[in-house]
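Here's a quick briefing to read with the model open in your viewer.

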Amino acid sequence: MNPVLAPASSASLIRREVAGLPRYDPGADPDEVAALSGSRRVIKLSNNESPFAISPAVAEAVRLGLAGGVSRYPDPTGKRLAEAIGKSLDVPAERVVLGNGSENILELLCRAVLDPGDLVVTQAPGFSLHEIFPRVMGARVEKVPVTAEFGFDAAAWRDALAAGPKLVFLANPCNPTGAMLGAGQLEQVVAGTPESALLVLDEAYGEFARPNPDYPDGLEALRGQDRPWIVLRTFSKAYGLAAFRVGYGIASDAALIQALDRVRTPYNVNQPAQDAAVAALGDHEHLANTVRRTGLEIARVTDRLRGAGLRVVPSSTNFLFIDTGCPSDRVARELHRAGIVVKAWREPGYENYIRASLSTPEENDVFVRCLTEICAKDKP
Ligand SMILES: *Cc1c(COP(=O)(O)O)cnc(C)c1O
């Protein structure tokens, strides 16, 4: 601190809603885990990213884009990408919104829709930004619990939706549990959501669930609904482009997209990201391979962990929610010492759980071995 100047405090300037907010927890810093473990290469399983190399088509598109120069601002409307998305899903491009990650769209929706005191309904355990962004706007957030078996609690949803939310955030499949809602359950949420409310279906992991015939495609379920809705998807997970920060939404009507356009920064998706996403969207084989390889590892690792006596929630995603049987921050710390980064869950009632995204078979084997050793040691 500068000894001459009194320490300036901006604390009194900060809005009450912001001062009281929980911070988004990105998990342990891989560099710190590397230092702690002395491993040259950490195994990062904390952010649900793809462990696979990007599509060669993406690499080429980005290379060409950079060769063309980066001194100009990106296309503020992202029309090439919005049109490609619209064409692939059979929706007009004016009903497509792009974001700096789909997180960005979550935030824009809150900014455009929420007044202080409005009610937002979402899930618990859940994705923290479904709570943080509404609270920034001064909204109240009601979190609907899951059943003891991590399933859909129909009665709890019915009650929460009957309280008259203005906005509903539903992730399907759900983060952190990895569980998915079936068609009938999704239908119950749609039917229970007031027609005056905006239903936001967050399908960040939808690509992983789609091979399951019981997984309801949210866009198909909502397409014909005469009510406000938006389906959010991302290039960060199955497409493996998390560093580019690009996600998109398909909305019930162009008016919602126009409102989001008013509250976003004009150049929110950078040009290399737009180029990469267009190419990724065209490489069906790369996506299919990622989904297939991920599904095999999810099944294999789930079996092995259950074989070792651990409770693992059935996952329709690229990550597992695992009951470690003891406080998970301790387990996470031991894994970090072994050079493996996972996320210790902190929501009340789930403090014994870690969330771990899967990686390559080799890295997953290291994870399974370390985790089962740590948990066996903790058993009486
Ligand atoms: C990862 C994730 C997102 C968004 O990721 P972006 O990288 O911002 O597109 C959105 N919702 C859920 C539930 C997620 O897990």
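By class, the shell around the ligand splits into 3 nonpolar, 5 polar and 4 charged residues. Keep in mind that this is a predicted model. The residues making up that shell are Gly101, Ser102, Glu103, Phe127, Asn175, Asp202, Ala204, Tyr205, Thr234, Ser236, Lys237 and Arg245.

**Ligand contacts**

- Ser236 puts a polar side-chain atom 2.5 Å from an oxygen atom of the ligand.
- For Lys237, a polar side-chain atom sits 3.3 Å from an oxygen atom of the ligand.
- Arg245 has a side-chain N or O atom 2.7 Å from a ligand oxygen.
- How much of the ligand does the protein bury? Taken alone, the ligand exposes 380 Å², and 95% of that is buried by the protein.

**Helices α5 and α6**

- A pair of packed helices is described by the angle between the axes and the distance between them.
- Here, the axes of α5 (residues 102-113) and α6 (residues 129-136) come within 9 Å and cross at roughly 35 degrees.
- The crossing of α5 past α6 is right-handed.
- On the α5 side, the contact uses Glu103, Leu106, Glu107 and Cys110; these meet Leu129, His130, Phe133 and Pro134 of α6.
- Sorted by class, the residues of this contact are 5 nonpolar, 1 polar and 2 charged.

- Where α2 (residues 30-37) starts, a side-chain oxygen of Asp29 reaches to within 2.9 Å of the backbone nitrogen of Asp31.
- After α2 comes Gly38, with a positive phi near 70 degrees.

Note on methods:
Residues numbered from 1 in each chain as written. Predicted model: local features only at pLDDT ≥ 70, side-chain atom pairs only at ≥ 80, totals over all residues. Heavy atoms only, no water. Polar contact = N/O pair within 3.5 Å; in protein donor to acceptor, adjacent residues only side chain to side chain. Helix = DSSP H or I, 4+ residues; strand = E, 2+ residues; numbered from the N terminus. Axes fitted to C-alpha atoms, helices over the stretch in contact; angles between N-to-C directions. Left-handed = near helix turned anticlockwise from the far one by under 90°. Contact = heavy atoms within 4.5 Å. Nonpolar A, V, L, I, M, F, W, Y, C, P; charged D, E, K, R; others polar. Near = heavy atom within 4 Å. Areas by Shrake-Rupley, 256 points an atom, 1.4 Å probe, with all protein chains shown as cover.
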